[in-house]
Amino acid sequence: VLEHISEGKLKDEFGAGKKGDEVILAGDFNVPSFDPVLRVAKRTGLTDAYSECNRKPGPTWGPFKKGPALLRLDFIFFSKKFRVLRSWSMKTPGSDHRAVIADLKWANEG
């Protein structure tokens, strides 16, 4: 997916997206926050919503069902046309991952 993004916008048609559309990319990336692929996301002009608002690492997954979350594998990335008001993670019933949630708003809105 990242190869289709430049400066926070789609470089070409991708799924329902049209060339030039602003990007919000969210989900389970299956890589920890320190993985080099996430540096690629930042080079494409995307910002990590959780890191933008929080100093703590915000782990979303752990290897044991009853143990604590240890790694953040889930992310919300957004283009510079948006700004994040807040972002947090929370337990999700029925999932082995914590959800990452972000309130985004168009950057040019008051």
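**Reading the terms**

Tutor: Just after helix α1, G45 takes a positive phi of about 95°, helices being DSSP runs of H or I of at least four residues, and strands runs of E of at least two, both numbered from the N terminus. This is a predicted model, in which local features need pLDDT of at least 70 and side-chain atom pairs pLDDT 80 or more, while totals for chains, interfaces and linings use all residues. Residues are numbered from 1 along each chain as its sequence is written, and side-chain values use heavy atoms, with hydrogens and water left out.

Student: Why is R43 called exposed?

Tutor: Buried means under 20% relative accessible area, exposed over 50%, and partly exposed in between, with a 1.4 Å probe and protein chains only; R43, which is found in helix α1, has 65%, and is therefore exposed.

Student: What makes D35 a cap of α1?

Tutor: A side-chain oxygen of D35 lies 2.9 Å from the backbone nitrogen of V37, at the N-terminal end of α1, and a polar contact is a pair of N or O atoms within 3.5 Å, where one must be able to donate a hydrogen and the other to accept it, residues adjacent in sequence counting only if both atoms are side-chain atoms.

Student: Which residues form the largest nonpolar core?

Tutor: A nonpolar core is a set of buried Ala, Val, Leu, Ile, Met, Phe, Trp, Tyr and Cys residues joined through side-chain atoms within 4.5 Å, and the largest has eleven: L2, I5, L10, V23, L25, V31, L38, A41, L46, F75 and F77. Helix α1 (36-43) and strand β5 (74-78) each supply at least two residues of this core.
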